[in-house]
Amino acid sequence: QSHKARHFFNLMVYLLVLERAGGGSSGRRRRLAVASCGNAALAAATIARAAEWPIDVCIPDSASPAVVARLRELGADINICPRGQASITSAACGEVSTQGAADPTVGVFLNLVDKHDSIPFSVQGPECGIIIEGGQTLAWEIIEAVHEAKRARGKPGKVELGSLFVQVGGGALGAGLKQGFERAVRGELALLVPGLDISRAPALMCVQPEGNAPL
């Protein structure tokens with residue numbers, strides 16, 4: 001949930017800046033939509049609650065009762081999406097088709113975006129590329145932690161990282177990490193981390209389960 005909240009936080013800041021700048025065409029807040037087994041929904045609902053922005057979460061009928069209870073506490077509108085059902089009834093949007101993807105939660109999410117004008121509030125890069133920037137902050141924290149650890153041991157010097165293994169689904173976290181390290185190598189963290197010396201990004205090793213490898 002932690003790294004997913006980074007992505008959502010970045011996207012929410014972007015939406016709020018657009019709103020303040022008058023980017024909304026009708027003066028109303030379009031609903032957010034997210035598809036998740038649970039963790040991303042919790043992160044999305046937490047950020048949406050903080051911004052008081054309405055959100056529809058699309059989760060499977062196998063979602064943990066604890067997750068469902070917490071989503072209700074956060075004020076999210078919950079859409080349970082069972083397999084083998086052509087549509088679901090959304091409290092906010094009425095009847096919504098589950099068609100368009102093998103996973104009915106994704107099908108409902110896509111139809112909320114395409115047919116009901118919802119904003120794709122997703123940690124999947126192909127659905128919402130802006131969220132990749134949120135993942136860069138994780139790379140920066142890794143670099144800063146190594147830098148500070150070396151200083152604490154009295155051995156300040158170049159930050160050198162060999163390989164970084166990261167679990168990826170659609171690729172947004174991996175892409176964010178890669179871009180974050182590349183920006184650090186270009187010197188863009190110099191003001192945030194005084195004395196930082198890093199000249200090479202680590203080799204990024206993306207890991208996916210054999211039976212679920214969308215990349």
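Does Cys37 count as buried or exposed, and at what relative accessibility? Keep in mind as you look that this is a predicted model. Cys37 comes out at 63% relative accessibility, and because the cut-off for exposed is over 50%, it counts as exposed.

While we're on cysteines, let's see how they pair up. A disulfide is a covalent bond between the sulfur atoms of two cysteines. This structure has 0 of them. Cys37 is in no disulfide, and the nearest cysteine sulfur, on Cys81, sits 11 Å away. With 8% relative accessibility, Cys128 counts as buried, whereas Cys37 counts as exposed.

Now for the aromatics. There's 1 aromatic pair to find here. Phe8 and Phe121 make it, and their rings are stacked, with 4.7 Å from centre to centre and 20° between the planes. Phe8 belongs to helix α1 (residues 2–20), while Phe121 is in the loop between β6 (119–120) and α5 (132–152), so the pair ties together parts that lie 113 residues apart in sequence. Both Phe8 and Phe121 are buried.

Last stop: Ser90. You'll find Ser90 in strand β4, which covers residues 87–90. Its relative accessibility is 4%, and since anything under 20% is called buried, Ser90 counts as buried. So what does Ser90 touch, once you leave aside its neighbours within four places in sequence? Its contacts are Asp56, Asn79 and Val96. With Asn79 there's also a polar contact, a 3.3 Å one joining the two side chains.

Key: Residues are numbered from 1 along each chain as its sequence is written. This is a predicted model: local features need pLDDT of at least 70, side-chain atom pairs count only at pLDDT 80 or more; totals for chains, interfaces and linings use all residues. Side-chain values use heavy atoms; hydrogens and water are left out. Helices (H or I, at least four residues) and strands (E, at least two) are DSSP runs, numbered from the N terminus. Buried means under 20% relative accessible area, exposed over 50%, partly exposed in between (1.4 Å probe, protein chains only). A polar contact is a pair of N or O atoms within 3.5 Å; within protein, one must be able to donate a hydrogen and the other to accept it, and residues adjacent in sequence count only if both atoms are side-chain atoms. Contact means heavy atoms within 4.5 Å. Rings of Phe, Tyr and Trp (its six-membered ring) pair if their centres lie within 6.5 Å; planes under 30 degrees apart count as stacked, over 60 as edge-to-face and the rest as tilted. A disulfide is a pair of cysteine sulfur atoms within 2.5 Å.
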